[in-house]
Amino acid sequence: MSVDEPQLKRRPGKDSAPDALPSAKQDTKPATVSATACALVRNSSGYAFMAVVALSFITRYWRIWDPAQVVFDEVHFGKFASFYLRREYYFDVHPPLAKMLIALGGWLVGYDGHFLFDKIGMDYLANAVPYMMLRGWVALFGFALPPLVYMIMAESGYSVIASLLAALLVTFDNALVTQGRLILLDNIMIFFMLASVYSYVKFYKQRYRPFGLQWWTWLLSTGTMLGCVVSCKLVGLFTIALVGAAVIFDLRRILDIRRGTTIAQFNQHFVARAFALIVVPVALYLSFFYIHFAVLTRTGTGDAYHTSQFQMQLIDNPMTKSSFNVHYGDQITLRHRDTGAFLDSNPARYPLRYEDQRVSSQGQQVTGVKTLGDNSYWMVKPTKDQEEFALFVARRQAGEDIPKEELSKWVVHHTDLVQLQHVTTNSNLRTHDVASPMTSTNMEITTLPLNDTANAADTVWKVDIEGAKANTTLLKTSSSFLRLVSHKHGVAMWTHAKKLPEWGHGHQEINGNKKPAEKSTLWLITEIRGRQASAEELEEMSKKQTSLSFLEKFVELQGLMIKHNNALTSVHPFQSTPLSWPLLTRGISFWTDAAQRKQIYLLGNPVGWWLANVALLFYAAGMVVLEICDLRNIDVVDGVVRRHVMRSGGFIAFAWLIHYFPFFLMGRSLFLHHYLPASIFAYMMVATCYQFICVHPYQLFALRSWSSRARALLPSYTAGLLFAAIVAVQVAVFAYFAPVSYGTRGLTPDEVNSRRWLSSYDMHFQK
Amino acid sequence: MTSTGNTSKGGGAQTDQHQSSDDDKPSAAQKRHKDFVAYPIIREPVATGIPYQLVEWNTSLDGLAMLFLTLVCAFTRLYRIGLRSNVTWDESHFVKFSGFYLNRTFYHDVHPPLAKMLIALADVLAGHNGTFNPDTTKTYPDYYSYRFMRCFTALFGIGLAPLAYLTCLQLNMRRKACMLAGLFVILDNALCVMSRFVLLDEPLLFFTAASLCSISGFQNMRHRAFSPAWWRWLLLTGVSLGLVSSCKWVGFLTVAMVGLYTIEELLNLFADFAPTSAMLRHFSARAVSLVAIPLLIYMTCFKAHFIVLNRSGPGDATMPPAFQARLQGSKLSNQPFTVMYGSVLDLRSMYPGSGLLHSHAHKYPSGSQQQQITCYNHQDKNNDWVIMRRLGEEFNYTTDPLLPVRDGDIVRLMHKQTSSMLHSHRAFTAPLTTVDYEVTAYGKSSWNDTNNDWKIAIHKEESSSAAKDELHTITTQFRLRHVATGCWLSAAAVKLPSWGFRQNEVTCSRDQSSKSDASLWAVERHVNSRVPAVDMRSLVKTSFVQDFVRLNIEMARSNNALIPDRDKHNHLESPPWSWPFLVYPMRMLGSWNKGDIKYYEIGNPLLWWASTLACLLFPLQLVYYYARKSRGIANVWAPREEQHFWNAGKLLWGGWALHYMPFFLMGRVTYIHHYLPALYFALLLLAFEVDHFGRRMLGGRLQVVLVLVLGAAATLVFCWFAPLTFGYTGSMDDLKHRQWLPTWNIYKDKHSM
């Protein structure tokens with residue numbers, strides 16, 4: 001990966017052009033080269049690093065207060081930060097670290113989380129949000145990226161000029177700048193990603209001093225950073241895969257008997273790495289979730305994603321607040337968990353014949369509605385002790401106060417067989433072997449008049465409370481999810497988001513699902529008509545708050561995150577395919593201000609990205625050529641150069657690959673900013689190729705670390721010119737696109753259209 | 001069996017000498033990489049000239065073994081094959097397709113034609129006349145000898161067992177293991193049940209097995225390059241590859257396997273300093289045999305497909321109008337030729353998969369909320385458009401002399417059913433392709449609206465005899481440019497969501513340089529009572545290559561459209577991860593009551609689980625042997641056995657991985673029988689591992705015991721599940737002990753809780 005012991009061994013024949021190496025001769029010509037120039041060369045790495053720091057600071061922090069409005073995904077991440085500060089539980093598909101860091105920034109400046117970032121374009125100043133501090137805090141991570149790139153390159157044995165090239169390309173990338181100065185997760189994630197890579201490079205350089213202090217420090221640092229990156233976004237798994245691959249490469253080397261390692265030593269190496277790179281990240285990942293749960297103790301928007309047990313351990317949750325036992329004779333409302341629709345019926349009938357010529361039962365319609373109405377109340381009736389029950393109902397309707405002991409006889413349990421009587425039409429909920437109107441594989445659900453006893457078996461339903469094991473479990477409102485499974489047919493009452501046509505008034509279709517065990521068959525009793533909690537009941541309930549162990553909570557949340565991440569398939573107008581990312585065929589509109597014709601449009605630096613593609617292709621082609629030459633034992637490049645370009649270059653190329661290609665396998669909706677981690681490695685590849693082409697002799701220019709003294713600066717004037725040209729173009733293009741990257745200046749239609757280098761760049765205000 | 005051992009020892013001694021002389025001078029590559037451990041597997045020098053064969057072909061012994069396997073296999077595949085006289089499982093498709101060949105009507109399907117033409121051949125041999133349609137009758141009529149059909153396709157399934165034996169022999173496994181491999185193939189219930197019906201899987205599996213067999217024969221000949229036997233195996237490989245990919249596209253995975261093998265071989269040759277001329281000969285021999293010949297076979301199958309299917313049929317609409325017009329009985333073959341003002345036209349987008357310009361009385365949910373314009377792939381009255389002159393140019397379409405539509409004319413198009421005009425505007429962008437303008441149907445023909453004006457730009461006239469500047473039916477390809485905005489009417493086969501009925505989006509493309517097919521249109525149908533119809537078949541021309549490419553694109557499109565429908569609650573599909581573990585076997589018919597003849601697609605669980613274990617084991621073995629080598633632990637193997645381990649293992653394991661892993665990337669619906677080609681490789685790998693461990697760890701007697709025990713266990717399990725393979729009529733309650741996993745639905749579905 002790096003040139004550890006650079007030897008000033010010149011390749012014979014290549015030295016014939018000494019003029020091309022002005023700095024190389026500094027020792028031999030002390031009289032003609034001024035001392036300042038010498039010092040400049042020697043300290044060049046430090047100056048270059050400082051320049052990168054300064055430029056990075058300027059590009060990230062320039063007018064960071066502009067625009068003073070909510071931009072793009074600040075909607076989400078700003079809101080989440082507010083939730084942390086309010087300690088209200090929310091749900092998101094990403095792990096918590098980055099969001100907690102954002103919240104930490106808010107907490108430090110005394111922000112109380114009063115603003116919820118509801119819509120793009122909402123004003124920060126009017127809502128008194130310390131947004132500038134939040135952005136400035138997050139931008140710290142974005143600001144750190146170019147210096148980190150410089151450090152990685154320098155540690156990997158590149159020259160000052162190549163390292164500077166990579167760092168400047170990253171500094172002047174529009175997408176990284178846009179993303180780097182807003183309240184978003186990606187910068188924080190990329191920061192930890194680069195920190196992992198930097199730590200690993202430092203660790204690898206200690207390979208001849210194993211188990212020393214430095215070796216352990218950097219190994220543990222790698223593990224810590226990996227833990228952080230994966231706790232920001234699950235994309236961090238790719239970084240873990242990158243380091244994992246490098247470790248396997250390294251272990252393979254150690255295993256070789258010619259290295260003289262014993263099996264015991266190999267085992268030590270193995271165990272140390274397993275501890276630092278597996279145990280430490282996992283422990284960190286878990287501990288961030290621990291903090292997450294420890295902070296978010298109050299009920300909030302995330303409740304509904306979770307099981308009732310989970311919800312009931314949150315402070316002030318509505319479940320424990322209005323959770324009553326259900327008794328026979330109660331008039332209840334049933335809400336479908338996934339779609340939020342209420343079980344409803346109305347006197348209208350199913351049409352005799354559907355559009356596809358299938359025939360219905362012409363029974364009374366049973367549908368799902370979004371708003372509660374009189375038609376949504378159902379009375380729970382037992383299937384035995386009918387007379388006694390009739391008496392009981394009559395007494396209740398008469399307003400008689402029934403003693404608790406007697407009342408407890410009529411509570412509904414798990415596995416009870418019940419009937420549900422529709423209150424307004426006095427008919428029983430029924431399913432039978434007729435195909436449902438729109439889902440022909442499922443059974444139609446309708447109602448049956450009370451006097452029809454011949455088909456009464458169709459109206460018997462088994463109450464199945466989710467998670468209940470014993471049939472003594474009581475059915476409760478607001479807290480127990482239940483299934484209603486037809487006793488005779490074995491189908492479960494189910495609904496989905498499909499709307500019935502005109503005859504069904506656009507209500508949701510409800511039918512009997514033949515796979516009753518599915519999660520989508522769960523319903524919740526939201527209300528008992530007329531039932532309100534008395535003061536003592538309230539007090540009693542608030543004591544009943546359950547508690548779950550951390551691991552239970554973690555496992556539940558982790559499962560939900562994966563499930564919902566895969567379910568993020570809804571079409572977004574600015575989503576894109578992975579293939580289009582390196583080609584940069586389209587950006588993302590982040591924010592617009594129609595009055596001043598301002599906009600923020602996420603777009604990489606087109607020239608930089610295309611140049612990076614060229615570099616990647618060049619490297620791939622170069623590797624193929626080198627391998628083929630190798631097969632025939634042909635020496636095309638010097639051994640040290642070859643080893644460096646293969647190992648360090650290979651590491652960078654693999655890093656790019658592993659942060660890019662897995663997206664092709666993902667089914668979820670994808671966006672351009674998913675390519676940003678990979679784009680940094682692509683920029684590094686430009687520097688690798690630059691080094692390979694321009695910097696000779698290799699050893700003279702190689703840096704040992706980012707703070708070490710350089711022995712030489714500029715390999716040749718052409719190399720310098722090439723460097724200057726690439727950087728100049730990068731800066732020029734960056735400046736050209738800056739108005740849409742920063743959103744600080746309005747553009748005329750002509751100006752917008754001149755920036756539409758590809759017709760697919762769909763910026764706003766084109767006319 | 002004892003002769004086997006002798007041969008192996010003899011061969012070993014011979015090669016041993018040679019090996020040691022090689023070892024004295026390490027190869028150039030090893031010298032170079034001092035820090036680099038030698039490759040996990042020795043790169044074998046090609047020029048030794050000594051063939052390495054542990055087991056030599058013995059005609060009487062091996063012939064007898066293969067005959068035995070064939071007979072046993074024939075019994076399992078043919079026993080009670082005609083039990084169920086109903087159309088079973090996908091027979092409904094393939095019997096129907098075969099009928100299309102007999103009737104010579106053009107149809108469209110996702111699979112290449114070879115296997116279906118073979119089924120049609122069976123139909124011809126059985127003397128069927130193509131009148132039986134499984135869509136209408138589910139029971140085979142008396143005049144249809146379905147037993148013959150099933151026996152014919154079962155022949156391919158029967159061939160699998162001797163092929164497995166021969167392949168293993170070529171891969172230098174000992175006869176015990178070869179026999180075991182043959183038995184494994186016979187004793188797998190899934191392979192068996194799928195061989196018993198008129199399906200494509202049998203030819204596909206047979207040709208896959210044939211490819212593996214011939215590539216392994218070719219591998220054995222690698223030291224006798226360009227010998228007749230070398231050529232024979234190489235050409236056989238090419239032919240098998242051509243046949244397997246003409247059955248189903250899964251065959252391309254077999255091609256990939258052979259391709260990777262060939263690349264490795266060529267690189268080794270290159271690394272061993274083969275002279276350039278030899279390299280060229282090697283390369284071109286493989287290019288011809290493994291690329292040109294398969295391609296030729298693949299294309300020949302399509303040529304035959306087109307020659308046979310020369311009548312108009314249900315698949316017409318998938319092909320371009322010129323192709324349709326040449327089919328006998330097509331409505332397109334007799335139409336007015338020159339388009340006149342007032343003609344009623346159906347316009348087809350030249351972009352594959354787009355369809356016909358369509359509108360209907362539904363509105364866009366967003367944008368202008370005017371009437372939708374879409375592209376629709378089926379004949380429909382809503383595809384009819386009247387071509388009119390622009391407002392202000394008075395014209396009586398019934399009485400005025402006929403006026404042809406010319407290049408550069410500005411025209412208007414009126415949707416005939418709703419009498420609204422094809423319209424576009426600058427104010428709204430298209431619903432999905434937001435860089436383009438929206439296209440709608442809006443306004444009446446009498447309204448003065450310049451947004452209804454479109455300019456004809458003729459792109460190409462295919463008919464040489466027709467006037468170049470006039471618009472003609474089918475033969476003219478043209479663009480429509482919106483006059484007011486300068487955009488081009490385009491349809492790039494982008495599916496609209498449910499509000500657009502999953503038809504394709506039509507936009508007005510602002511891309512000034514638009515040269516793509518998306519903006520090209522042709523008149524597919526033309527109705528004008530004032531213009532006499534002519535025979536289009538003499539005017540249109542199509543080339544085979546164009547049709548071939550187009551049909552393949554359409555096949556790919558239909559294949560990709562087979563996406564799982566979550567609403568359908570299908571019990572048949574299963575995700576790829578579940579296959580090797582046999583988690584979700586499948587009922588092959590819906591009715592599962594007592595008295596029904598029930599077939600259940602379940603593999604032999606013992607073989608499936610054991611073969612999966614073998615597949616997981618192989619890479620670990622590679623790592624283990626590599627690590628041993630790294631540690632300098634001398635191998636105690638027979639000379640060259642390491643080479644043998646790699647040579648056979650890479651084909652079998654690689655074949656399994658290549659025939660299995662790609663299914664994880666496919667978006668389409670997947671079924672358990674998609675695993676069968678991979679299973680074939682896995683079963684052979686299992687036999688290979690048994691052989692390998694037997695050799696390494698067990699004495700001669702114990703090896704025989706191991707083979708016998710495995711064979712007997714597999715037979716027992718096969719018989720245990722045989723009722724569901726051969727057709728079971730009793731009550732499923734009697735079979736409840738066969739439900740080994742809770743996910744199986746042999747006995748009860750997940751129906752009840």
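Visitor: How many helices and strands does chain A have?
Guide: This is a predicted model, and in it chain A contains 24 helices and 14 strands. The C-alpha trace of chain A extends over about 115 × 70 × 55 Å along its principal axes.

Visitor: What share of chain A is buried?
Guide: Of its 767 residues, 56% count as buried. The accessible surface of chain A amounts to about 32,000 Å², and carbon and sulfur atoms hold 62% of that area.

Visitor: And the charges, how far apart are their mean positions in chain A?
Guide: They are 11 Å apart, taking the mean position of the 72 positive charges and that of the 58 negative charges.

Visitor: What about contacts in chain A, what part of them joins residues at least 24 apart?
Guide: The figure is 76%, counted among contacts between residues at least 6 apart in sequence.

Visitor: Let us go inside. Which residues have the most contacts in the largest nonpolar core?
Guide: They are A:Tyr150, A:Leu194 and A:Phe590, within a core of 170 residues. The element of chain A that gives the most to this core is helix 21, residues 676-694, with 13 residues. Apart from that core lies another, of 146 residues, which includes B:Ala115, B:Leu169, B:Phe306 and B:Ala678.

Visitor: Back to A:Phe590, then. What does it touch?
Guide: Leaving out residues up to four places away in sequence, A:Phe590 touches A:Val71, A:Phe72, A:Ile120, A:Thr178, A:Gln179, A:Leu182 and A:Leu184, and also A:Ile600, A:Tyr601 and A:Leu602.

Visitor: Where does the UniProt annotation "domain: MIR" fall in chain B?
Guide: According to the unreviewed UniProt entry, it covers residues 336-390, 402-459 and 468-526 of chain B.

Visitor: How much helix and strand is there in residues 336-390 of chain B?
Guide: That span is 0% helix and 47% strand, with its end C-alpha atoms 23 Å apart. Residues 402-459 of chain B are 0% helix and 48% strand, and their end C-alpha atoms lie 23 Å apart.

Visitor: And which residues carry the feature "transmembrane region"?
Guide: The unreviewed UniProt entry places that feature at several spans of chain B, including residues 178-198 and 702-723. In the model, residues 178-198 of chain B are 71% helix and 0% strand, and the end C-alpha atoms lie 29 Å apart. Residues 702-723 of chain B are 100% helix and 0% strand, with 33 Å between the end C-alpha atoms.

Visitor: I noticed B:Lys248. Is it buried or exposed?
Guide: B:Lys248 counts as buried because its relative accessibility is 9%, and the cut-off for buried is under 20%. This lysine, B:Lys248, sits in the loop between helix 10 (228-247) and helix 11 (251-271) of chain B.

Visitor: What does B:Lys248 touch there?
Guide: Not counting residues up to four places away in sequence, B:Lys248 touches B:His111, B:Pro112, B:Leu200, B:Asp201 and B:Leu204.

Visitor: Now the backbone. Which residues does a cis peptide bond join?
Guide: One such bond joins A:Asp66 and A:Pro67, with omega about -10°. A:Pro67 belongs to the loop between helix 2 (44-61) and helix 3 (74-86) of chain A. The bond from A:His696 to A:Pro697 is also cis, with omega near -10°, and A:Pro697 lies in the loop between helix 21 and helix 22 (698-701) of chain A. Most peptide bonds are trans.

Visitor: What is the phi of A:Arg63?
Guide: A:Arg63 has a positive phi of about 45°, although it is not a glycine. Most residues other than glycine have a negative phi. A:Arg63 lies in the loop between helix 2 and helix 3 of chain A, and at 29% relative accessibility A:Arg63 counts as partly exposed.

Visitor: And where is B:Phe226?
Guide: B:Phe226 is in the loop between helix 9 (201-220) and helix 10 of chain B. B:Phe226 has a positive phi of about 70° and is not a glycine.

Terms used: Residues numbered from 1 in each chain as written. Chains lettered and ligands numbered in written order. Predicted model: local features only at pLDDT ≥ 70, side-chain atom pairs only at ≥ 80, totals over all residues. Heavy atoms only, no water. Helix = DSSP H or I, 4+ residues; strand = E, 2+ residues; numbered from the N terminus. Buried < 20%, exposed > 50% of the residue type's maximum accessible area, 1.4 Å probe, protein only. Contact = heavy atoms within 4.5 Å. Areas by Shrake-Rupley, 256 points an atom, 1.4 Å probe, with all protein chains shown as cover. Lys, Arg positive; Asp, Glu negative; His and termini not counted. Charge placed at Lys NZ, Arg CZ, Asp CG, Glu CD. Core = buried A, V, L, I, M, F, W, Y, C linked by side-chain atoms within 4.5 Å. UniProt positions renumbered as here; feature names shortened; annotations may be inferred.
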